[in-house]
Amino acid sequence: MSSRMFKFGVAAASACVGSVVASWSIDRWNSPHVVNNAMQRPPKRKRTLPPRSEQIKSLMSGEEFDVLIIGGGATGAGCALDSVTRGLKTALVELDDFASGTSSRSTKLIHGGVRYLQKAILGLDLEQYRMVKEALQERATMLESAPHLTHPLPIMLPVYTWWQLPYYWVGIKAYDLVAGDRNVKSSYLLSKNDALELFPMLRGDKLCGAIVYYDGQQDDARMCLAVALTAARHGATVCNHVEVKELLRKDDGTGNKVLCGAKVKDHISGKEFTVKAKCIINATGPFTDSIRKMDDPTVKSICCPSSGVHIVLPGYYSPDQMGLLDPSTSDGRVIFFLPWQRQTIAGTTDLPCEITHNPVPTEDEIQFILSEIKNYLNKDVEVRRGDVLSAWSGIRPLVSDPNKDDTQSLARNHIVHVSPSHLITIAGGKWTTYRAMAEHTLDAAIKACNLKPERPDAVTSFLKIEGGQGWTPTMYIRLVQDFGLECEVAQHLAKSYGDRAFAVSKMASLTGKRWPIIGNRIHPEFPYIDAEIRYGVREYACTAVDMIARRLRLAFLNVQAAQEALPVIVDIMGEELQWSKEEKERQIKHATEFLANEMGHAVNRSSKEKIPIKLSKEEIQTYVKRFQLIDKDKKGYVSINDIRRALKSFGDGDVSGEQLHEILKEIDTNMNGQVELDEYLQMMSAIKTGDVAYSRFARMAELEEAKVEAANLKTKISVDRSGGGL
């Protein structure tokens with residue numbers, strides 16, 4: 001024991017002293033050069049947001065752009081904003097939608113990486129230290145540039161072994177120290193009682209105490225979208241659903257073939273055309289190699305994709321303003337457990353995977369996360385498979401550095417590579433450092449392609465992102481008072497749109513009620529309103545999936561609620577985009593497939609089918625009786641008409657056809673449009689074991705039984721008629 005404590009003391013002291021010395025010395029080496037304040041001042045926005053049709057027209061105009069960016073994720077959008085604010089004529093094209101890939105499927109954290117700092121200090125790894133320091137600087141910049149979409153989040157690290165308390169405390173304090181004057185808030189130590197007061201769901205037995213540190217949290221998809229919209233307002237041409245089919249070359253006058261543009265296809269109109277550009281930037285994340293091989297089919301692949309699955313649980317699993325970090329899971333990974341938009345996110349896994357546009361979460365990965373969560377929550381919190389509201393998989397694009405001879409080792413940070421034909425590739429990195437990555441990419445592009453920007457240096461660190469300029473923490477009160485919105489809706493609009501919430505509110509329809517005056521919800525459980533659908537179309541949403549996944553975050557928060565809201569969403573989008581009946585049906589079909597495969601609806605359903613029926617004889621008799629009460633015609637199954645008749649008898653006769661189908665679908669596992677007895681028994685068994693949290697069909701059957709029993713009581717022979725009495 002004394003030997004272990006001696007080693008621990010040496011490691012802790014070394015970490016603390018090393019971080020101080022390294023921070024001081026590296027800051028001196030990397031002190032930023034002074035730039036003229038006039039050069040640093042960001043330009044003012046040039047225009048209102050142009051509609052997508054004008055953006056496409058600009059792409060098709062035949063004019064030559066200085067920079068064409070391929071990829072509309074965080075890095076691509078950041079490159080577009082950096083480029084256009086330097087005064088370069090900029091275009092961006094994205095095959096799918098902005099943030100449709102990894103950028104919308106993150107842990108939602110803005111962080112430097114506590115575990116990376118631990119490795120950097122104990123391993124004396126200077127490169128990893130610089131990566132953490134840069135990320136901590138960029139964390140502060142993100143929190144300042146988009147205050148409506150980001151906020152500081154305290155994260156608790158519970159400690160169950162007494163000697164680990166000082167060890168983790170030193171590490172977390174080093175994290176604060178490396179951030180320097182850009183630190184969010186200082187970390188602090190908690191006793192066992194204080195930790196349980198702040199995180200009452202935490203397992204209390206053997207808990208020695210906890211350490212709380214601060215990182216940032218964001219709405220990742222809307223953050224990426226806001227960066228792209230900011231670039232558009234500054235004059236960039238940004239277009240989603242536009243695919244690059246071919247890269248074009250020309251002779252540069254010295255016999256070398258260099259890139260000069262691309263052939264692209266607009267998937268909304270079906271038109272193909274050519275876009276001319278002096279410089280092309282490849283910012284396609286996991287699909288980096290596909291563009292690199294479009295440039296040169298002989299290059300070696302550098303992307304090593306890794307899958308990370310997250311799940312969403314109900315909000316009662318965590319406090320509203322406190323996250324949790326499990327620093328060492330059963331297989332050595334790190335699990336975060338974070339409050340987000342009134343729900344709880346848990347993740348992530350880390351497994352090698354194939355590159356695909358449609359990554360799918362697996363049951364094994366979901367079960368791994370659930371099993372790890374159980375280790376940290378107390379016995380009152382039953383971690384149930386049925387509480388998984390949605391699940392998604394994101395592909396992390398780890399890369400080997402093509403600038404180095406040894407391309408087998410993975411780069412810990414991002415890499416910028418310039419090919420012989422002047423294709424600029426930016427790959428690797430993390431969400432938090434998107435702005436710095438864009439800055440480094442544009443620096444390389446300007447040098448390689450001899451571009452002539454109005455401003456030689458980036459100004460994005462001083463720039464407010466779309467919605468952030470006029471936002472204040474109490475702005476939502478004005479929305480309530482000026483427009484007559486519900487308080488919850490007003491808070492949501494202020495946090496999602498910032499100062500653009502007023503423009504959204506002006507598009508809201510009257511409710512016909514005394515209060516709220518405007519703002520019809522598209523789903524009763526969430527604060528999303530009709531106006532957001534109309535405004536989302538102006539934010540370049542072209543499909544129902546664009547809307548439910550990235551303009552609203554409904555698909556990520558609750559896949560069942562997203563499915564239920566689809567008809568309303570598609571109807572409103574149809575009005576805005578003049579969709580035919582056939583197009584609406586196609587959109588609903590495509591969105592339903594997306595929810596089933598990529599958001600965990602299908603894996604949730606299949607998990608129910610694998611559950612064995614674990615009911616007692618008495619329970620089975622009860623449920624058979626309830627089933628037969630609904631199946632009044634003794635058909636052996638329950639049809640949608642049986643459900644309608646039962647609901648009508650409870651006074652719910654105005655339930656829509658879509659709602660009836662949703663009730664049927666949640667239990668109709670074999671998808672034949674009717675409920676058999678075995679499906680009902682399996683559902684009740686799943687509810688009993690916790691694999692399913694709730695079923696409206698089961699509740700309806702229970703109410704039907706209670707109604708019949710109440711009616712039977714009224715028809716029993718009275719005491720007087722039976723000859724009894726006093």
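Which residues in helix 17 meet which residues in helix 19?

## Helix 17 against helix 19

From helix 17, Ala544, Met547 and Ile548 meet Leu566, Ile569, Val570 and Met573 of helix 19, where contact means heavy atoms within 4.5 Å. By class, this contact has seven nonpolar, no polar and no charged residues; Ala, Val, Leu, Ile, Met, Phe, Trp, Tyr, Cys and Pro count as nonpolar, Asp, Glu, Lys and Arg as charged, and the others, Gly among them, as polar.

The axes of helix 17 (residues 544-551) and helix 19 (residues 559-577) come within 10 Å and cross at roughly 115°. Axes here are lines fitted to C-alpha atoms over the stretch in contact, with angles from 0 to 180 degrees between N-to-C directions. Helices (H or I, at least four residues) and strands (E, at least two) are DSSP runs, numbered from the N terminus.

## A note on the model

This is a predicted model, in which local features need pLDDT of at least 70, side-chain atom pairs count only at pLDDT 80 or more, and totals for chains, interfaces and linings use all residues. Residues are numbered from 1 along each chain as its sequence is written, and side-chain values use heavy atoms, leaving out hydrogens and water.

Helix 16 (residues 530-538) is mostly covered, with eight of its nine residues buried, that is, under 20% relative accessible area with a 1.4 Å probe and protein chains only (exposed is over 50%, partly exposed in between). Among the buried residues are Asp530, Glu532 and Arg534. The buried residues of helix 16 pack against helix 9 (220-233), helix 14 (487-497), helix 15 (501-505), helix 17 and helix 19. After helix 16 comes tyrosine 540, with a positive phi near 75°.

## Aromatic pairs

Across the whole structure, a search finds 10 aromatic pairs: rings of Phe, Tyr and Trp (its six-membered ring) with centres within 6.5 Å, stacked if the planes are under 30 degrees apart, edge-to-face if over 60 and tilted otherwise. One of them joins tyrosine 160 and tyrosine 376 edge-to-face, at 5.9 Å centre to centre and 70° between the planes. This pair links distant parts of the chain, 216 residues apart. Tyrosine 160 is buried at 19% relative accessibility, and tyrosine 376 is buried at 15%.

Tyrosine 175 and tyrosine 213 have ring centres 5.8 Å apart and planes at 90°, so this pair is edge-to-face. Because tyrosine 175 lies in helix 7 and tyrosine 213 in strand 6 (residues 209-218), the pair ties together parts 38 residues apart in sequence.
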